[in-house]
Amino acid sequence: MIPPSELSQIHVAAARRTETVAELARRICEVPAPTGNEWERARLVASLCRDQGYAPEVDAVGNVYIRRGKREDGPLLMLLAHTDTVFPQTTPISVERQGDILRGPGIGDNSVNVAAMISALGVLDELERESDADIVAVASVGEEGLGNLLGARVAVERYRQSLGAVIAIDGSLGNLVHVAVGSKRWRITVSGPGGHSYGDFGTPSAIHGLGRIIAALAQLEVPQQPKTTFNIGLIEGGTSINTIAAHATALLDLRSTDIAALNQVADRVRSIIEQNAGPGLRTEIDILGERPAGMRSQADPLVQLAAEAITWLGMEPKYEASSTDANIPISLNIPAVCIGITQVERAHTLEEFLYVPPIGDGLAQLTLLCIEASKLIANT
């Protein structure tokens, strides 16, 4: 156990960096980074790391890697904080400070967590604390939307043989994600001959066929435990009001905390799609993304360490299931959790904001967890 005097030093050092983290978060947030176009933000993050004395590497997909420690062998602790956002490149981004609130699209998801990941290394450096295992911090791409966890997949595969544990940094302070929500994202396409709405009346419409599919899906019963969900999030199709649609598409999201339940629902959905479009219409399913499911028990040593770090702050851990970069290591049976740095509200909206004062606590939590997790994997 870390002695109380050192715990106090960690807390004080982290608290001193509260405003620094907020400023780093602002700088990161103001660089647009929609999923698939994170390069400019990656360059900024790499520059911030060089300013801190590190030699970052940017890989072929846009991940930024920062390694602390010079061991050539032994287990590694990986930190993952995604750089991409849900907002299009053209979204105006202006971060505003209003007292204790920092407001801007993407400021909490995930700019502040990228800033905290970099700053946690700074706290360790300031305290001259050598971790028991090398730490590889990764500013990852492709976590949002249809990014399909690309950055996490690439980073974990790169270090898979030596990974002892992974800490993803995302969400709000006090939340402890140890259950990975898996998902399947499909594009459903219905096609037909099309025609004139009057002259060719009676010709099957792709839009009508898609409507029948959606209506049938709406009646689908899914298990409550393990929690399994489905959603049609976007529909498109047709040419004009007086044209029988030749094409119509829908984007479908299926989720579950259990991979078997997810696959069972996917099979049922596929049957509904194939059976309900109607005569004269064709259906096609394109797989847009798949995220693996899995879980780490609350009794898992890394989960317990994360819970203890939150409890150390005087908070009660909230055990959560979510879809994060931690899905990848969890699905590979690599110990992994996801934690947050501060309280974030209105995520994924233009009104997104975070609270600045808790950042010091969140950074202290992350720093402590880095120390304890590296000790855990070095001794395993």
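Residues are numbered from 1 along each chain as its sequence is written, and side-chain values use heavy atoms, with hydrogens and water left out. Because the model is predicted, local features need pLDDT of at least 70 and side-chain atom pairs count only at pLDDT 80 or more, while totals for chains, interfaces and linings use all residues.

**Helix packing**

Helices and strands are DSSP runs numbered from the N terminus (H or I with at least four residues for helices, E with at least two for strands). The axes of helix H2 (residues 18–29) and helix H3 (residues 39–51) come within 10 Å and cross at roughly 150 degrees, where axes are lines fitted to C-alpha atoms, for helices over the stretch in contact, and angles run from 0 to 180 degrees between N-to-C directions. H2 and H3 are therefore roughly antiparallel to each other, a label given to angles over 145 degrees, whereas those under 35 count as roughly parallel, 65 to 115 as roughly perpendicular and the rest as oblique. On the H2 side the contact is made by Leu24, Arg27, Ile28 and Cys29, and on the H3 side by Arg41, Leu44 and Leu48, with contact meaning heavy atoms within 4.5 Å. These residues divide into five nonpolar, no polar and two charged, where Ala, Val, Leu, Ile, Met, Phe, Trp, Tyr, Cys and Pro count as nonpolar, Asp, Glu, Lys and Arg as charged, and the others, Gly among them, as polar.

**Salt bridges**

The structure holds 19 salt bridges, each being a side-chain nitrogen of Lys or Arg within 4 Å of a carboxyl oxygen of Asp or Glu.

| Pair | N to O distance |
|---|---|
| Arg158 and Glu57 | 2.7 Å |
| Asp125 and Arg68 | 2.8 Å |
| Glu372 and Lys375 | 3.5 Å |

The pair of Arg158, in helix H5 (residues 150–159), and Glu57, in strand S1 (residues 57–58), links distant parts of the chain, 101 residues apart. Arg158 is partly exposed at 37% relative accessibility, and Glu57 is likewise partly exposed at 36%; the term covers values between buried, under 20% relative accessible area, and exposed, over 50% (1.4 Å probe, protein chains only).

Asp125 lies in helix H4 (residues 107–126) and Arg68 in strand S2 (residues 64–68), so this pair ties together parts that are 57 residues apart in sequence. Asp125 is partly exposed, with a relative accessible area of 31%, whereas Arg68 is buried at 11%.

Glu372 and Lys375 both lie in helix H10 (residues 359–378), three residues apart, about one turn of the helix. Here Glu372 is buried at 13%, while Lys375 is partly exposed at 21%. Elsewhere, Arg67, Arg71, Glu130 and Asp134 are linked in a network of salt bridges.

Asn63, found in the loop between S1 and S2, is buried, with a relative accessible area of 0%. The side chain of Asn63 makes a polar contact with the side chain of Tyr65 at 3.3 Å and reaches the backbone oxygen of Gly151 at 2.9 Å. A polar contact is a pair of N or O atoms within 3.5 Å; within protein, one must be able to donate a hydrogen and the other to accept it, and residues adjacent in sequence count only if both atoms are side-chain atoms. Leaving aside neighbours within four places in sequence, the contacts of Asn63 include Glu57, Val138, Val154 and Ala155.

Phe230 lies in strand S11 (residues 228–237) and is partly exposed, with a relative accessible area of 26%. Not counting residues up to four places away in sequence, Phe230 touches residues including Leu217, Val222 and Leu254.
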